[in-house]
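Q: Could we go through this structure together? I would like to start with the whole chain and then turn to some details.

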Amino acid sequence: MSTMTSDEVRRGLVENRQAPYGTARCAHAEALSAAAEATGDRALLRQALDNQIDAYEFTAERTKMLVPFARLLAEYDRDPAAFSQWETHSLFWQFKWVATAIANSPEISLESGAGWIAEMERRYRIAGYSERPVREAELFLAEAMADDARAQRAAEAFMAAKRDAMSDCHACELNTQGWFWSHQGDDTRAVEVWQPVLDGERSCAEEPHRTLANSLLPLLRLGRFDEARAHHLRGYRMARGNESLLRSIGKHIEFCALTGNESRGLEILSEHSAHLRPLADLEARVTFYGGVLVLLRRLAELGHGDGPAAPFEGTPRTVHELYEILHADALDIARRFDARNGNSRVSERFAERIAQQPLVDLLPLGVRSSTLPSGPVVRAVPTAPAPHVSRETTTTFAELVAAARAARAQGHPAADAAWEAVSARAGEERVDAVLAADLLEHRSLAAAEAGDPSARQLLAEARDAHRAAGQEDRAVLAELWLASAAAQFGAAPEEVRALLAVAAASAAAMDAEEPLRARRIASVELLRIRLESHLRGEQQGVDTRLIADLTDFLASFGTSEDTESLADLLADTEETLARLALVEGDPGRAEALLASAADRGLGTGRPWLAVDPLALRAGVLMSLDRAEEAVEAARAALAHEAELPEAGRQGAVRLTLADVLLRTGEPAEAAAHALEAAHRFDQAGATAGGGAQARLLLTRAYSRLERRAEAAEVLQSALPDLLEHGEHQAVHARELLGDLLRELDDPRAAAEQYLQAAEIAEGWEDPRPQAGLAHAAAEALSGAGLVAQAVAAYERALELHRAAGDNPVAVVRVLRSLAWLNVREESTDATVAPARARMAEAAELLDGTTDPQLQYELAQTWHQLAVLLDQQVDAQEDDEYPGTSAPAETPAAGEIRELRLEAIGLWDRAAALYAVLGPDYLQQRFQCLNGMAWSERELGRAEAGAARLDALAAEVRALPENTAPDWIVPQAEEMAKSLRS
């Protein structure tokens with residue numbers, strides 16, 4: 001760097017302090033210290049060294065602070081009087097940082113470390129500070145050197161000593177205390193100590209970020225999985241991208257590896273791959289690498305060792321390659337610590353950490369993660385057992401076949417899986433003609449389901465095989481499926497109808513004593529009805545012919561003696577009719593049909609038939625405002641969900657229950673079911689479909705529970721999928737995310753979501769959604785301090801609200817916001833004039849209104865204009881007469897007097913209108929009277945202002961109890977007293 005002047009260094013220090021922490025800030029701080037020294041200005045050098053130490057502390061280079069701190073301490077010893085009170089306090093505060101940095105630096109001997117602690121203790125004692133920070137620093141050193149006895153003594157002394165100005169904030173101290181107990185193996189006590197931080201009662205710049213990360217494994221070991229999940233979602237969001245929190249990032253990666261969320265762990269690693277480099281802070285490096293190594297080892301165990309991991313120093317690496325690089329580096333660091341400490345504690349702990357096995361097979365997190373490349377199946381996901389089908393390993397092939405046939409006879413949805421198991425063993429067993437036909441049938445149906453045209457030929461072969469084996473009832477079914485396959489693969493209508501006729505004739509020709517004859521006849525008729533509808537093609541509106549045919553089918557077969565054997569066909573017909581009734585807008589009829597369909601399944605001992613009708617009925621009941629029955633139906637569907645082997649259908653049932661529960665005011669239980677639904681959809685490969693909907697509902701449930709950080713994390717993960725679910729879904733998702741980000745105090749990111757949502761809605765016929773989004777974006781941009789962008793967004797919102805023409809409240813509020821933005825940076829005649837014009841325009845829109853809501857907005861407009869004028873008075877007085885009021889006989893004084901009188905008049909009008917609106921607006925009236933009173937005082941009319949406050953207090957006393965806020969009377973009396981003093 002070229003020679004800098006003192007002023008240039010000072011400006012550089014201001015810029016550096018405002019820069020984000022990281023490598024660039026540290027490098028700049030180092031250069032500024034060198035430049036400050038070159039100026040010969042000792043005071044400037046002190047500032048630069050202090051800034052350099054601060055820059056290091058909140059990065060992975062904190063151990064580099066030892067040199068600048070030693071120089072700053074030498075400056076202090078040379079001339080303590082040259083240090084200001086603040087500079088002295090800062091120096092002593094940084095002693096704590098240095099003590100930690102020493103403990104984390106293996107190149108510094110134990111003797112030197114102990115010497116620094118002793119020096120810190122001596123200086124703190126002379127300065128009159130508590131020994132609490134000294135003992136905390138000793139605890140870190142003792143823990144680093146594996147001196148358990150000394151660590152115990154230091155911890156006890158640390159927690160016993162009094163707090164004072166040198167003590168760390170409560171949140172940081174609680175993090176340290178919990179960390180100590182966790183290292184002692186007392187997870188319960190650690191979490192208990194951390195609780196105030198975890199609950200948000202104590203916080204600071206790096207808390208609860210660090211404590212949330214530290215709590216993850218203790219909570220898992222305690223079996224408190226819901227809390228661990230929540231802490232991961234909240235904590236990672238806080239720590240993401242923060243170099244000084246790499247230890248915490250490593251713990252989040254480790255958590256993912258130990259909970260079956262390896263893909264998310266890999267995503268987090270990819271986001272922080274830039275930090276896979278030789279960090280100056282060796283302890284941070286080995287801790288971060290340790291978490292990464294747990295993940296990499298787990299990925300290798302799952303068969304992904306040759307898959308991509310993350311780049312190391314810019315070079316892409318596989319899992320195996322990255323593991324070897326990081327393991328060698330981390331192990332070398334651990335051994336350097338051991339060499340300094342004279343024991344092997346660090347290496348042993350490192351080895352124990354990376355060898356950890358999962359603490360839970362799979363903990364669904366709710367967030368969407370990419371799927372790992374396929375590899376050997378290691379973690380089996382259990383499915384629900386089918387009734388009457390043993391989950392125990394069959395001892396013989398015959399038992400396996402019998403179980404498959406029993407499931408098929410019941411119509412159980414697990415029958416396909418049972419036949420798949422038979423097929424897998426068939427090559428090793430003797431297969432007779434009957435079983436060969438059964439296996440051919442299974443193969444042909446699988447081909448049809450997969451959309452393979454060879455299914456038609458396979459079904460014909462299965463039909464012939466069944467017939468040759470003497471299984472006429474199965475042959476008839478094969479003929480039925482042949483007709484269905486012909487329609488599926490585009491055969492001509494005449495061919496489809498001919499195949500149906502063959503199946504119908506075969507069914508009718510079955511022996512009259514055959515128990516399945518009636519069922520086969522009914523099956524043919526039901527398929528004929530459906531295929532005829534298919535052959536008629538798409539129609540405008542509802543297919544009334546289909547409704548009539550299905551109704552006739554119910555009438556014909558629903559009263560026969562064989563209704564029990566036909567239960568599934570009848571239930572399926574009723575469910576179809578119910579869906580058609582919903583399309584026709586007849587939810588009452590739909591509800592009755594679904595209830596009947598569910599009863600048929602439950603009444604015949606086949607509860608799996610009831611699951612879909614019950615779930616659909618729950619939604620219909622909600623539309624009929626029968627909430628209690630809806631919850632009951634949804635819970636009944638869930639009770640039988642285990643009968644369904646398909647994870648996607650299980651997810652749909654849970655999603656239905658979650659939706660009903662959220663709409664009936666049970667967000668906590670709704671969140672639990674939505675979380676599980678998302679997991680089931682992921683298992684089914686429906687992450688982008690049902691999984692996205694489940695995550696959207698989970699977001700809404702978390703938001704209702706005020707778990708906004710978790711909600712935002714879940715929604716952001718699902719957003720790419722939701723954007724593909726149509727414009728309205730995309731707008732809703734972005735608006736919801738914007739709301740969450742705004743509540744999380746990230747207005748810039750919130751504005752981005754609102755603006756993108758508004759862009760999607762731009763072409764809609766109704767301008768109101770876009771107006772609301774532009775309005776929200778403007779407020780967020782204003783909150784982010786982006787004035788020019790906020791003005792543009794407000795102007796667009798104003799245009800759209802006016803185009804909609806039905807929201808005067810929004811128009812008025814936008815006008816007021818624009819007025820305030822005019823005077824945001826300065827209050828001068830030039831800025832106040834357009835602001836006044838905006839306020840006047842808002843008041844004119846509301847003039848003469850008798851609507852209470854609009855009257856409130858009019859009162860607010862007068863009230864805010866009065867405040868705006870009062871601020872102009874203050875600004876003018878500060879500019880013309882700093883620190884005093886304007887002299888009474890000057891032109892400026894006359895202008896200021898007129899402004900005060902105008903403000904008093906506006907406050908008076910606002911207060912009168914608030915009075916008309918009633919006691920609910922007493923707080924606003926008090927604010928107006930208070931503003932008036934102090935302005936009256938400046939005009940030499942203090943008694944008039946005090947009298948108004950007296951009158952308000954008397955009025956409030958006369959109101960019924962609990963009508964007005966308790967604070968109004970005492971504050972009014974106190975203000976009146978002050979005005980008269």
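Q: What percentage of the residues in the chain is buried?
A: Buried residues make up 51% of the 981 residues, where buried means under 20% relative accessible area, exposed over 50%, and partly exposed in between, with a 1.4 Å probe and protein chains only. This is a predicted model: local features need pLDDT of at least 70, side-chain atom pairs count only at pLDDT 80 or more, and totals for chains, interfaces and linings use all residues. Residues are numbered from 1 along each chain as its sequence is written, and side-chain values use heavy atoms, with hydrogens and water left out.

Q: How many helices and strands does the chain have?
A: The chain has 45 helices and zero strands; helices (H or I, at least four residues) and strands (E, at least two) are DSSP runs, numbered from the N terminus.

Q: And what does the C-alpha trace span along its principal axes?
A: The span is about 115 × 85 × 55 Å.

Q: Now to a helix pair: at what angle do the axes of H30 and H31 cross?
A: The axes of H30 (residues 627-639) and H31 (residues 647-663) cross at roughly 155° and come within 9 Å. Axes here are lines fitted to C-alpha atoms, for helices over the stretch in contact, with angles from 0 to 180 degrees between N-to-C directions. The crossing angle therefore makes H30 roughly antiparallel to H31 (under 35 degrees is roughly parallel, over 145 roughly antiparallel, 65 to 115 roughly perpendicular, the rest oblique).

Q: Which residues meet there?
A: From H30, Ala 630, Val 631, Ala 634, Arg 635, Ala 637 and Leu 638 meet Val 653, Arg 654, Leu 657, Val 660 and Leu 661 of H31, contact meaning heavy atoms within 4.5 Å. These residues divide into nine nonpolar, no polar and two charged; Ala, Val, Leu, Ile, Met, Phe, Trp, Tyr, Cys and Pro count as nonpolar, Asp, Glu, Lys and Arg as charged, and the others, Gly among them, as polar.

Q: Changing topic, is Arg 264 buried or exposed?
A: Arg 264 is buried, with a relative accessible area of 7%. This residue is found in helix H15 (residues 262-271).

Q: What is Arg 264 in contact with, beyond its neighbours within four places in sequence?
A: Its contacts include His 232, Tyr 236, Ser 369 and Glu 713. Ser 369 is 105 residues away along the chain, yet the two C-alpha atoms are separated by 5.5 Å.

Q: And where is Val 791 found?
A: Val 791 is found in helix H38 (residues 787-804). At 29% relative accessibility, Val 791 counts as partly exposed. Not counting residues up to four places away in sequence, Val 791 touches Leu 818 and Leu 821.
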